[in-house]
Amino acid sequence: MHDTAESAYEWPACSPCGRALRHDELGRTGCRLCQSRTDELLRKLPGGDGLYARLATRLVPGRGGDGSVVSVSRTPPLPLRLEPLSLMARGGVVTVLQTWQVDWHEQLGWRHPRWNGGLQQQLDQAVHALRLNLEWAAASHPAFGEFAQEVGSLVRQCERQITGERAERPVAVTCPCGTVLRITISTPGARCQGCSQQYARSEVLDLPLAQRAAA
């Protein structure tokens with residue numbers, strides 16, 4: 001009985017990356033390394049030279065990350081590139097971060113947050129507030145893994161628009177239970193929907209490629 005109970009026990013894992021928590025991290029939702037990485041990502045967004053402000057330099061069609069013309073078409077281009085515009089506009093980066101800030105206030109029993117100024121100022125305010133409470137979120141928020149992954153996704157989308165890089169191609173890998181997982185090279189970790197196995201980044205990247213379905 002005792003051996004069976006011990007073998008069934010699963011050591012707590014970090015929600016964002018799936019790595020086993022250290023003894024001094026037990027009880028936390030995310031490890032301190034993921035907390036630090038998320039903080040670094042948040043710091044890339046605000047300010048006059050941050051990723052969000054630099055999106056405005058990529059609104060003109062036909063220009064690559066270095067400002068050079070990358071294509072010529074007989075069809076007149078749209079007045080503005082939709083991808084960076086959607087990230088800059090209401091519903092994009094600012095709204096996503098504000099939604100998380102509202103959620104955190106509700107979790108903590110605080111009043112609804114208020115933001116002043118234009119979207120750039122509101123972005124700066126939201127990032128500041130999220131960073132101030134990041135220690136609490138990494139330790140206690142049940143959805144910290146989702147938050148960390150969403151921040152990482154926003155930063156990568158902004159960086160791709162600025163540099164002109166293409167989005168990472170998803171790769172299909174197979175869990176031993178037979179479930180196919182779709183990941184990218186930047187995937188911090190993944191949980192199998194079939195057997196609920198949590199994989200750290202190195203583990204999920206080591207899974208075998210999924211075989212193509214027979215035609």
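Asp-24 and Arg-32 form a salt bridge in which the closest N and O atoms are 4.0 Å apart; the term denotes a side-chain nitrogen of Lys or Arg within 4 Å of a carboxyl oxygen of Asp or Glu. The model is predicted, so local features need pLDDT of at least 70 and side-chain atom pairs count only at pLDDT 80 or more, whereas totals for chains, interfaces and linings use all residues. Residues are numbered from 1 along each chain as its sequence is written, and side-chain values use heavy atoms, with hydrogens and water left out.

Asp-24 also forms a salt bridge with Arg-22, with 3.4 Å between the closest N and O atoms. Both arginines are partly exposed: Arg-22 has a relative accessibility of 43%, and Arg-32 has a relative accessible area of 36%. Here buried means under 20% relative accessible area, exposed over 50%, and partly exposed in between, for a 1.4 Å probe and protein chains only. These contacts belong to a network of salt bridges that links Arg-19, Arg-22, Asp-24, Glu-25 and Arg-32. The count of salt bridges comes to eight.

Another salt bridge joins Glu-159 and Lys-44, whose closest N and O atoms are 3.3 Å apart. Because Glu-159 lies in helix 8 (residues 144-163) and Lys-44 in the loop between helix 2 (32-43) and helix 3 (51-54), the pair ties together parts that are 115 residues apart in sequence. Helices are DSSP runs (H or I, at least four residues), numbered from the N terminus. Glu-159 is partly exposed at 28% relative accessibility, and Lys-44 is partly exposed at 39%.

Rings of Phe, Tyr and Trp (its six-membered ring) pair if their centres lie within 6.5 Å, and planes under 30 degrees apart count as stacked, over 60 as edge-to-face and the rest as tilted. Trp-100 in helix 5 (residues 93-108) and Phe-147 in helix 8 are 47 residues apart, and their pair links distant parts of the chain. Trp-100 is buried at 9% relative accessibility, and Phe-147 is buried with a relative accessible area of 1%.

Trp-104 and Trp-136 form an edge-to-face pair, 5.8 Å centre to centre with 70 degrees between the planes. Since Trp-104 lies in helix 5 and Trp-136 in helix 7 (residues 134-140), this pair ties together parts 32 residues apart in sequence. Trp-104 is buried at 3% relative accessibility, whereas Trp-136 is partly exposed at 22%. Ring pairs link Trp-100, Trp-104, Trp-136, Phe-144 and Phe-147 into a cluster.

Key. Helix = DSSP H or I, 4+ residues; strand = E, 2+ residues; numbered from the N terminus.
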